[in-house]
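Work through the exercises below with the sequence and the structure at hand. Each task is followed by a solution in steps.

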Amino acid sequence: MTITIHRGIDQIGGCITEIRTARSKILIDLGHNLPKGNGPSEDRFDNAGAIAQLCEGCDAVFYTHYHGDHVDLFRHVPERVDQYIGPLAKAVMRIRLEHLTHVPGEKERREADLTAVERFKTYEPARCIRVGKDIRITPYFVSHSAADAYMFLVEADGKRILHTGDFRQHGYLGKGLLPTLEKYIAPQGIDVLITEGTMLDRNEKKIVHENDLKRQAIELMKRYKNVFVLCSSTDMDRLATFHRANREMRNRPFVCDGYQQRILESFAGHAGVKSPLFKFDHKVYGSDERNEKLRKWMLDTGFTMLLRTGPKYRRWVDTLLPELNPDETLLIYSMFRGYILPTHEAYNPDLKAFVARFPHSEYVHTSGHATTDTLAAVCRTVPPHTAIIPIHRDKGSDFASLDIGDELRSKIVTASQTIDGIDFLVK
Ligand SMILES: [Zn+2]
Ligand SMILES: [Zn+2]
């Protein structure tokens, strides 16, 4: 067996992992490099030729979740190769792409993307899929800042490999992580653990749970009548946090645009049947500049309004802000802080300028990724016999700094080598 880390050993995002036996081959994630600031992101794999080469002899591509740094090269995958993702993840990708077809100049490209996504097959948690001649792959649910995210157990050539994808323990559904590993993975053990390590270099002393964010949001909504929120439109946990907090305000509308409304409906249809938290059924309204009744209600009782940064929102903010009492008006910034930090490589000056337009702003956010304690707990719960490969991490970050003991530390693999009959290729 050969495990190839095409990308991700020394960078966050842009993940591509290959697992190959003599007779079969799969790829896990085909991620695009993350953008830097508001400029385009370079990516040497972002062309049909490079992906055709990666897909040579490939039986299927499995995506852990719908974030672009894991899925965005899907458009170059040849039609003969099956691509798999979770059912809600596929629905979210579809809604997003349909929305993007309305962006001027994007119609043709996005329609082609949509056709490609329509071909995606979907997997079910804990249901094994046989791929090629001799690979078995089973997805297990993980909590992440994307809905419907999974880790994969891959079985082939008598070896068992666990690929975690992006995950965390401090989201609403994160408490299931270790019990899932204990129940499904630990009894038979694993040979190789491929895990994300995003937080290795981020010195978060105490991680904030999504529940704590909800409490913070409620406090802020009590203090401010008019609350704008800047957060990811596809982060189901975070949207539930603000929706739930707004519900505590009883009669205030929760306002978002048609695109976000469709995403919320999709979340409600899939995840809402399992947990009332994700039903999104309390006073959700699509914002429309022409809806005078809604506008009067918003001015009367106050509101929570999801924002994005496009021109439509700039216009809304232009017309709404002058009508609001500045002392009662707040923007909650609920995304990665680096985007608005001038010293950070992800700094986005347009976003910073947008945030600066509001009379008050507060930062309410927690990471979508596993803390160092969680990473160590995963290693201890499913200690691999042969190797730990840390991916999705900053260059120079040190997985050996985790509290995992010397034996596990000695199994960290970050360069090409052969161990226990497995060839590890690290590019
Ligand atoms: Zn990622
Ligand atoms: Zn992600």
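For the first exercise, Lys and Arg count as positive and Asp and Glu as negative, while His and the chain ends are left out. The model is predicted.

**Exercise 1. Find how far apart the mean positions of the positive and negative charges of the protein are.**

Step 1. By that count, the protein has 59 positive and 57 negative charges.

**Exercise 2. Decide whether the radius of gyration of the protein agrees with that of a compact globule.**

Step 1. The protein has 427 residues, and for a compact globule with that number the radius of gyration would be near 22 Å.
Step 2. The protein has 22 Å, so the two agree.
Step 3. The C-alpha trace spans about 70 × 50 × 45 Å along the principal axes.
Step 4. Of the 427 residues, 57% are buried. Among contacts with a separation of 6 or more, 71% are between residues 24 or more positions apart.
Step 5. The accessible surface is about 18400 Å², and carbon and sulfur atoms hold 47% of it.

**Exercise 3. Describe the surroundings of strand β10 (residues 159-163) and state which strands pair with β10.**

Step 1. Count the buried residues, taking buried as under 20% relative accessible area. In β10 this gives five of the five residues, so the strand is largely enclosed by the rest of the structure.
Step 2. Sort the side chains by direction. In a regular strand, side chains alternate between the two faces of the sheet. From β10, Lys159, Ile161 and His163 point one way, and Arg160 and Leu162 point the other way.
Step 3. Take the antiparallel partner. Strand β9 (residues 149-156) pairs with β10 over five bridges, and Phe152 has His163 as its bridge partner.
Step 4. Look at the turn. The hairpin of β9 and β10 has two residues between the strands, and Asp157 takes a positive phi near 50 degrees.
Step 5. Take the parallel partner. Strand β11 (residues 192-196) pairs with β10 over three bridges, with Leu193 as the bridge partner of Leu162.

**Exercise 4. Which strands pair with strand β1, and in which sense?**

Step 1. Strand β1 (residues 2-7) is mostly covered, with six of its six residues buried.
Step 2. Strand β20 (residues 422-426) pairs with β1 in the parallel sense over four bridges. Val426 is the bridge partner of Ile5.
Step 3. Strand β2 (residues 16-20) runs antiparallel to β1, and five bridges join the two. Here Ile16 is the bridge partner of Arg7.

How values were computed
Residues are numbered from 1 along each chain as its sequence is written. Chains are lettered from A and ligands numbered from 1 in the order in which they are written. This is a predicted model: local features need pLDDT of at least 70, side-chain atom pairs count only at pLDDT 80 or more; totals for chains, interfaces and linings use all residues. Side-chain values use heavy atoms; hydrogens and water are left out. The radius of gyration is taken over C-alpha atoms; the globule rule is 2.2 Å times the number of residues to the power 0.38. Buried means under 20% relative accessible area, exposed over 50%, partly exposed in between (1.4 Å probe, protein chains only). Contact means heavy atoms within 4.5 Å. Accessible areas come from the Shrake-Rupley method with a 1.4 Å probe; for residues, only the protein chains shown count as cover. The place of a charge is taken as NZ of Lys, CZ of Arg, CG of Asp or CD of Glu. Two strands pair if DSSP finds at least two bridges between them.
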